[in-house]
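Here are my notes on the model, as numbered points. Have the structure open while you go through them.

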Amino acid sequence: MSTHTNFIPINVAVVTISDTRVLDNDKSGDVLEKRVLESNHKIISREIVKDDFDKISQLFQNLINNKKIDVIISTGGTGLTGRDITPEVMKTLFDKTIDGFGEMFRWLSYSKIGTSALQSRALAGVSNGTYIFCLPGSPSACRDGWDQILIHQLDIRHKPCNFVEIMPRLLEHKLSRKKN
């Protein structure tokens, strides 16, 4: 990490996708909120949404269109059961995918849970200039995703590159279309 660049706090929304969680028992959302704040970023929104395609889609569209939000981190809905539909919803929202995020998450998970890591469909992408990171629903997965990937990539001081330094350029394709 470089010490020559000043830290830039980013604005984060934390979303838990679950039929069974409420704020009082949302341990995974608590883990993410705590780590985001300890890293000196800001929580703009904390939401819980049921495993329902339309409800998830509508909530994420609202968050994506909120100019105050730079990053959405979700937990839940990335498994293989019939109710786990987070990746299916996100694929309708992403302008671009960040394939390496899911690959790296599963690689890191393999060292802890072995071949069970195959069952994770963690994924990430960009929509309307907003980063979206979708983690599994366990507190352990949220700790791993934040501590081993996101804390670094969401810090402009991380070198050789990070997600924060390219944030101003995420909408270039839309700007170039308007000029033509």
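1. Asn40 is exposed, at 53% relative accessible area (exposed means over 50%, buried under 20%, partly exposed in between, with a 1.4 Å probe and protein chains only). Its phi is positive, about 70°, although Asn40 is not a glycine. You'll find Asn40 in the loop between helix H1 (27-38) and strand S2 (42-49); helices (H or I, at least four residues) and strands (E, at least two) are DSSP runs numbered from the N terminus.

2. Before going on, the ground rules: this is a predicted model, where local features need pLDDT of at least 70 and side-chain atom pairs count only at pLDDT 80 or more, while totals for chains, interfaces and linings use all residues. Residues are numbered from 1 along each chain as its sequence is written, and side-chain values use heavy atoms, leaving out hydrogens and water.

3. Asn128 also isn't a glycine, and has a positive phi of about 50°. This residue is in the loop between S5 and S6, but it is buried, with a relative accessible area of 16%. For context, most residues other than glycine have a negative phi, and most peptide bonds are trans.

4. Pro160 belongs to the loop between H5 and helix H6 (172-179).

5. Helix H4 (residues 99-113) checks out on length: its 15 residues should span 21 Å at 1.5 Å a residue, and the end C-alpha atoms are 21 Å apart (the expected span is 1.5 Å times one less than the number of residues). Gly114, with a positive phi near 65°, follows H4.

6. Which residues of H4 are buried? They are Phe101, Gly102, Phe105, Leu108 and Ser109. Down the axis of H4 they fall within an arc of 135°, so they line one face of the helix; the arc is taken over directions from the helix axis to the C-beta atoms. They pack against strand S5 (123-127), strand S6 (130-135) and helix H5 (139-153). The face turned away from this buried side carries the exposed Asp99, Glu103, Trp107, Tyr110 and Ser111.

7. The largest nonpolar core has 29 residues, and those touching the most other members are Val71, Ile73, Ile98, Phe101, Tyr131, Phe133 and Leu154. (A nonpolar core is a set of buried Ala, Val, Leu, Ile, Met, Phe, Trp, Tyr and Cys residues joined through side-chain atoms within 4.5 Å.) H5 gives the largest share of this core, five residues.

Terms used
Contact = heavy atoms within 4.5 Å.
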